[in-house]
Amino acid sequence: MDFAVKNFDHKAEEVVRRGREIYERDIRSKVESDFGGKFIVVDVVTGDYVIADSDSEAFDLAEEKHPDGVHYVARIGHRAPYRIGSRPGAPR
Amino acid sequence: MIEGRISADGCEAFVFLTVLGGGDREREVEAVIDTGFTEYLTLPADLIRALSLPLRGYGEVILADGSVVKVGIYRARVVWHGKRRGIEVQQSDGGPLIGMGLLQGGSLYIEAAPGGRVVIEEFLRRGSPTQT
């Protein structure tokens, strides 16, 4: 079984899909020029978001604002916030 | 100082670390050092459950082949250089990995041969000559 299949998580799929949709539609154009490289956590229930230097800080702020929120993390201007064995800007 | 080993086939460098979870749950975890991993630690789902780690959210990880997987991100505490510290953990069922996030401030020594030594030491100490 390959890595992607073994790691398939339905809840993760759904939250990331909703988070991406909200980010692309409502947030991206407001933040991308000023906050490139920073971490953003979007509460997919309310559409609220917070920006911080690390994912850890962004989760802290988001949990303060919405303790019962469902949180999606992204890195502004990046394809994904985390990498295992791939280089930044590597071809897709 | 944290000590580990190169696997018997010489292909992986690993160290043991203690991961602390909810209540007084804790596990000794054998984790492979992966300098291509940008974060702190990955753990498989069964360990995340056994430790009752609180969920922080969901996000994506780009893998070596350029593909993207969607994962849960959890909060854990680990004992690292003798101190407890809070870190984020990405769920991954390929076996625990330690990434560059956790290695920050450390120096890594590897004897890349079967059974070779692996040593991680702190170098960002107060008064250290490397600190400017």
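1. B:Arg56 has a relative accessible area of 6% and therefore counts as buried, the cut-off being under 20%. In this predicted model, the side chain of B:Arg56 meets that of A:Asp60 in a salt bridge, with an N to O distance of 2.6 Å. The pair crosses between chains, since B:Arg56 belongs to strand β5 of chain B and A:Asp60 to helix α3 (residues 55-65) of chain A. A:Asp60, for its part, is partly exposed, with a relative accessible area of 36%.

2. The strand that carries B:Arg56, β5 of chain B, spans residues 55-62 and is mostly covered, with seven of its eight residues buried. Along β5(B) runs strand β6 (residues 68-80) of chain B, antiparallel to it and joined to it by seven bridges; within this pairing, B:Glu60 has B:Lys70 as its bridge partner in β6(B). The two strands form a hairpin with five residues between them, and in the turn B:Gly66 has a positive phi of about 90°.

3. Which elements cover the buried residues of helix α2 of chain A? The cover includes β1 (39-43), β2 (49-52) and β3 (71-75) of chain A, together with β5 and β6 of chain B. The buried residues of α2(A) are A:Ala12, A:Val15, A:Val16, A:Gly19, A:Ile22, A:Tyr23, A:Ile27 and A:Val31. As background to that list, an α-helix has 3.6 residues a turn, so residues three or four places apart point the same way.

4. A network of salt bridges links A:Glu14, A:Arg17, A:Glu21, A:Arg25 and A:Asp26. Within it, A:Arg25 forms a salt bridge with A:Asp26, the closest N and O atoms being 3.1 Å apart. A:Arg25 counts as exposed because its relative accessibility is 56%, whereas A:Asp26 is partly exposed, with a relative accessible area of 32%. Over all chains, the structure holds 16 salt bridges.

5. A further salt bridge, in chain B, is formed by B:Arg117 with B:Glu3, where the closest N and O atoms are 3.6 Å apart. This pair links distant parts of the chain, for B:Arg117 in strand β10 (residues 117-122) and B:Glu3 in strand β1 (residues 2-6) are 114 residues apart. B:Arg117 is partly exposed, with a relative accessible area of 34%, and B:Glu3 counts as partly exposed at 48% relative accessibility.

6. How many cavities of 30 Å³ or more does the structure have? The count comes to one, and the largest cavity has a volume of about 40 Å³. Its lining is made up of A:Val41, A:Asp43, A:Asp48, A:Tyr49, A:Val50, A:Ala62, A:Lys65, A:His66 and A:His71. To this lining β1, β2 and α3 of chain A each supply at least two residues.

Notes
Residues are numbered from 1 along each chain as its sequence is written. Chains are lettered from A and ligands numbered from 1 in the order in which they are written. This is a predicted model: local features need pLDDT of at least 70, side-chain atom pairs count only at pLDDT 80 or more; totals for chains, interfaces and linings use all residues. Side-chain values use heavy atoms; hydrogens and water are left out. Buried means under 20% relative accessible area, exposed over 50%, partly exposed in between (1.4 Å probe, protein chains only). Helices (H or I, at least four residues) and strands (E, at least two) are DSSP runs, numbered from the N terminus. Two strands pair if DSSP finds at least two bridges between them. Contact means heavy atoms within 4.5 Å. A salt bridge is a side-chain nitrogen of Lys or Arg within 4 Å of a carboxyl oxygen of Asp or Glu. On a 1 Å grid over the protein atoms alone, a cavity is a set of points where a 1.4 Å probe fits but cannot get out, and a pocket is an open set with protein on both sides within 12 Å along at least five of seven lines; lining residues have an atom within 4 Å of a point. Grid points are joined across faces, edges and corners, and a volume is the space filled by probe spheres set on the points.
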